[in-house]
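User: Could you walk me through this model? I'd like to go region by region.

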Amino acid sequence: MIATADRLLLFGATGDLAQRMLLPSLCALHADGLLSNDLRIVGTARSDMTTQEYRAFAREALERFLPSNRRGGVAEFLNRLSYVPVDATTLEGYDALAEEVGEYKKGLAIFLSTAPSLFEATIDGLVHAGLTKGNVRIGLEKPLGTDLGSSEEINDAVAKAFSEDRIFRIDHYLGKETVQNLLALRFANLILEPVWNANYIEHVQITVAETVGLESRVAYYDDSGALRDMVQNHMLQLLALVAMEPPTSFDSTAVRDEKVKVLRALRPIDKDETVTGQYRAGTLTGKPVPGYDEELGKDSGTETFVALKAHVDNWRWKGVPFYMRTGKRLPERVTEIVIQFRCIPHSIFEGRGATTQPNRLVIGIQPEENVQLSMMAKVPGLDREGIRLRQIPLDIAMPDAFTGTVRRIAYERLLLDLIEGDQTLFVRRDEVEAQWEWIDAIRALWGKADITPAPYAAGSWGPDAAMQLLERDGVSWHDE
């Protein structure tokens, strides 16, 4: 781990991500006393404004996006901020930026919240201004390419100025409390590890469902699609955390070593293990919503829904399917992981008229953070017919279990780790490349087999083929 930085340089400081997530996260960290007193934050973007104008801009963003109960010390936080306009595509302005950053006695953390097409030019500008020397680390916001080749180009450009131990690739899902709690659930509880394998687990489901359509991401999303936007990063990271072997310690090298082993063990997808779809006009929460092409304003072959049946070919998971699905304009906004255990090998209650159901562990990530384990229990009372059993949940709602704790923005954890130099919750280059290799093979399969998005009505759970993907194996999605 490298030393805590006393300077944070924020590229894209006027962008949507900065307004919605980065500035509110930094202000919340300041209010909670988690930022060192000597940390200064320098923002930069193309917008021509002074430091005072930028502080007013930041105040407005905080009023819009930071909950009122977390706005302590806003004035003091704004005093940390300064601003220098820079066009990242030219070297002009970088010297003024370096002058504003000044001497970083402890270290400099840089966050690139810009289009990946600007990464190389930005790196050149930083090198020109001497802002890559000494204790400097850089955070990269996704997307990191559109395929393996473009990802390698971006990583090569960044690697010219930064060694791997100073590159922090961000997947904001890894900053979510419940995602981190998955590590605690698995590796801080002896009760689960003996049954966390193919002998006891029948299948795993990972769902990332969105109710929204394109919103403000029109150009990006149509070039990306659900497979590259959600599966390549967020969903594969969730799968890796579920399937990884116990690391030797909770540090960046040990954790990421085990994750990349899972990603490299992913079996290539067959034609009958993939479903792709695109939403049409439908109804959500009782209101009509347009189809994807209508929102986009043109015909498009981009997928807004993907379902996959994946396999991790190693000793622990051989034969266990990992069903994944993600999509837009689905009935609920929900991200969850479902661990479906096998049936008990023999029921002593069959002769008494009682049936049993297999246990199920559901890890809710959003909108509610909870862990629910379904168990069989006897229904209270007397019954001449025998014994009645019912499946009941052992439910841990995180807000109730940890009363008085603050629900944090995922970027709070990631920004703090970037400032402090802890890479554990960031993605290593070999992870990114293993993810892209698997995703590129799926896209190549779609092209070769002429698989195109099937229509589904907005407000539904996707194309019928997504249900059939599981029904062929005698199972169903958790919500059905």
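Analyst: A contact here means heavy atoms within 4.5 Å. This is a predicted model, in which local features need pLDDT of at least 70 and side-chain atom pairs count only at pLDDT 80 or more, while totals for chains, interfaces and linings use all residues. Residues are numbered from 1 along each chain as its sequence is written, and side-chain values use heavy atoms, with hydrogens and water left out.

User: OK, what does Ala 5 touch?

Analyst: Leaving aside residues up to four places away in sequence, Ala 5 is in contact with Ser 36, Leu 39, Gly 107, Leu 108, Ala 109, Arg 137 and Ile 419.

User: And is Ala 5 buried or exposed?

Analyst: Ala 5 is buried, with a relative accessible area of 1%; buried means under 20%, exposed over 50% and partly exposed in between, using a 1.4 Å probe and protein chains only. Ala 5 is found in the segment before strand 1 (7–11), where strands (E, at least two residues) and helices (H or I, at least four) are DSSP runs numbered from the N terminus.

User: Switching to strand 5: how many of its residues are buried?

Analyst: Five of the five residues in strand 5 (136–140) are buried. Val 136, Ile 138 and Leu 140 point one way, and Arg 137 and Gly 139 the other.

User: Which way does strand 4 pair with strand 5?

Analyst: Strand 4 (residues 108–112) and strand 5 are parallel, over five bridges; two strands count as paired if DSSP finds at least two bridges between them. Phe 111 has Gly 139 in strand 5 as its bridge partner. Strand 5 is also joined to strand 6 (residues 167–169) by three bridges, again in the parallel sense, with Leu 140 opposite Arg 169.

User: Now the other sheet, what's the strand order?

Analyst: Nine strands form an open sheet of mixed pairing, in the order 16-15-14-13-7-12-11-8-17. Its edge strands are strand 16 (389–397) and strand 17 (454–457), each pairing on one side only.

User: Last one: which residues have the most contacts inside the largest nonpolar core?

Analyst: That core has 117 residues, and those with the most contacts inside it are Phe 322, Met 324, Ile 337 and Trp 438; a nonpolar core is a set of buried Ala, Val, Leu, Ile, Met, Phe, Trp, Tyr and Cys residues joined through side-chain atoms within 4.5 Å. Helix 8 gives the most to this core, with 13 residues.
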